[in-house]
Amino acid sequence: MKNNFLVLYILLVAAQMLICNYLHLTPYLMLTLLPTLVLCLPTKVKTAAALLIAFATGLSVDLIAEGALGINTVALLPVALLRRSICDFIFGEELVVRGEDFSIRKYGLPKVLFALFLVLSLFLVIYLWADGAATRPWLFNLIRFAVSLAAGMLLGVAVVDMLMPDDRR
């Protein structure tokens with residue numbers, strides 16, 4: 001990983017910890033940067049390494065910020081597992097073959113939003129299930145999913161722009 005990317009990644013994980021600890025606006029909103037961070041891992045990072053990075057990231061957030069140990073980890077691992085497939089499907093296989101990274105400027109906002117939609121949806125479905133979805137009303141979980149997805153996508157665009165600057169600028 002590039003040194004600048006690694007520093008930004010660690011700072012954004014720390015920001016996620018602060019969000020988990022201090023930013024509780026409503027029970028319907030769960031802000032998360034984690035799926036976007038895993039999606040933005042450089043394409044040179046293989047799936048096994050991405051799984052290890054996602055495990056370490058999720059576990060560190062769980063240990064320091066979340067009350068439930070393993071909740072972010074269990075939701076983040078499928079994102080890391082499917083990251084390459086999602087990138088191949090949306091951005092094309094040549095992205096991985098060339099070892100390039102995606103950016104909003106290079107591939108366009110609609111494709112990046114679709115990738116964010118997929119990874120955030122996957123993360124939130126698993127997170128909400130692990131967070132006791134069976135004990136809460138169905139409508140509450142649906143509203144929480146929709147509100148968290150919308151906020152996560154807005155936040156995710158800023159994170160993608162920060163982590164994946166276009167080389168052509």
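Start inside the protein: the structure holds one cavity of 30 Å³ or more. A cavity here is a set of points on a 1 Å grid over the protein atoms alone where a 1.4 Å probe fits but cannot get out. This is a predicted model, in which local features need pLDDT of at least 70, side-chain atom pairs count only at pLDDT 80 or more, and totals for chains, interfaces and linings use all residues. Residues are numbered from 1 along each chain as its sequence is written, and side-chain values use heavy atoms, leaving out hydrogens and water.

Select Gln-16, Cys-20, Met-30, Leu-31, Thr-32, Leu-34, Glu-66 and Asn-72, which line the largest cavity; lining residues have an atom within 4 Å of a point. About 30 Å³ of space lies in this cavity, a volume being the space filled by probe spheres set on the points. Its lining divides into four nonpolar, three polar and one charged.

Next, select helix α3, residues 47–64. Helices are DSSP runs (H or I, at least four residues), numbered from the N terminus. Helix α3 has 18 residues and reaches 25 Å from its first C-alpha to its last, close to the 26 Å expected at 1.5 Å a residue (1.5 Å times one less than the number of residues).

Now colour Ala-50, Ile-53, Ala-54, Thr-57, Gly-58, Val-61 and Asp-62, the buried residues of α3 (under 20% relative accessible area, 1.4 Å probe, protein chains only). Look down the axis of α3: the buried residues fall within an arc of 160 degrees, judged by directions from the axis to the C-beta atoms, so they line one face.

Finally, turn to the face of α3 away from its buried side and find the exposed residues Ala-48, Leu-52, Leu-63 and Ile-64 (over 50% relative accessible area).

Terms used: 1 Å grid on protein atoms, 1.4 Å probe; cavity = no way out; pocket = protein on both sides within 12 Å on 5 of 7 lines; lining within 4 Å. Nonpolar A, V, L, I, M, F, W, Y, C, P; charged D, E, K, R; others polar. Helix = DSSP H or I, 4+ residues; strand = E, 2+ residues; numbered from the N terminus.
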